[in-house]
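These are my notebook entries on a structure that I looked up for the first time. I kept each entry brief.

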Amino acid sequence: DCNKAIKLNSQNLNAYLQRGVAYYNLKQYNKALVDLNKAIELNPNDGAAYQLRGMIYRDMGDNARAQADFDKAKQLGYTE
């Protein structure tokens, strides 16, 4: 569904976020990062995208990037 939504509207922030979540759950971190980077490009004020990207970086062992994204999510008012 997310693929179809993105094909219909390449600016669909929610579709990128949801597909990123799906890839994250499948542990396909590189694909998830592509989608979350696009979501952040579309809306740099979306704390949820930073939070999820931070989780991916954490799971990949990149603690510095993870913490930076968690801090940004918090700065934007996102609370898990």
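I began with helix H3, which has 14 residues and reaches 20 Å from its first C-alpha to its last. That is close to the 20 Å expected at 1.5 Å a residue, the expected span being 1.5 Å times one less than the number of residues. Helices here are DSSP runs (H or I, at least four residues), numbered from the N terminus.

I noted that the model is predicted: local features need pLDDT of at least 70, side-chain atom pairs count only at pLDDT 80 or more, and totals for chains, interfaces and linings use all residues. Residues are numbered from 1 along each chain as its sequence is written, and side-chain values use heavy atoms, without hydrogens and water.

I then listed the buried residues of H3: Tyr29, Ala32, Leu33, Asp35, Leu36, Ala39 and Ile40. Buried means under 20% relative accessible area, exposed over 50%, and partly exposed in between (1.4 Å probe, protein chains only). Helix H2 (13-25) and H4 are among what covers these residues, contact meaning heavy atoms within 4.5 Å.

I searched the whole structure for aromatic pairs and found one. Tyr24 and Tyr29 form this pair, which is tilted, at 5.9 Å centre to centre and 40° between the planes. Ring centres of Phe, Tyr and Trp (its six-membered ring) must lie within 6.5 Å; planes under 30 degrees apart count as stacked, over 60 as edge-to-face and the rest as tilted. Both Tyr24 and Tyr29 are buried.

Asn43 counts as partly exposed because its relative accessibility is 26%.

Technical notes: Helix = DSSP H or I, 4+ residues; strand = E, 2+ residues; numbered from the N terminus.
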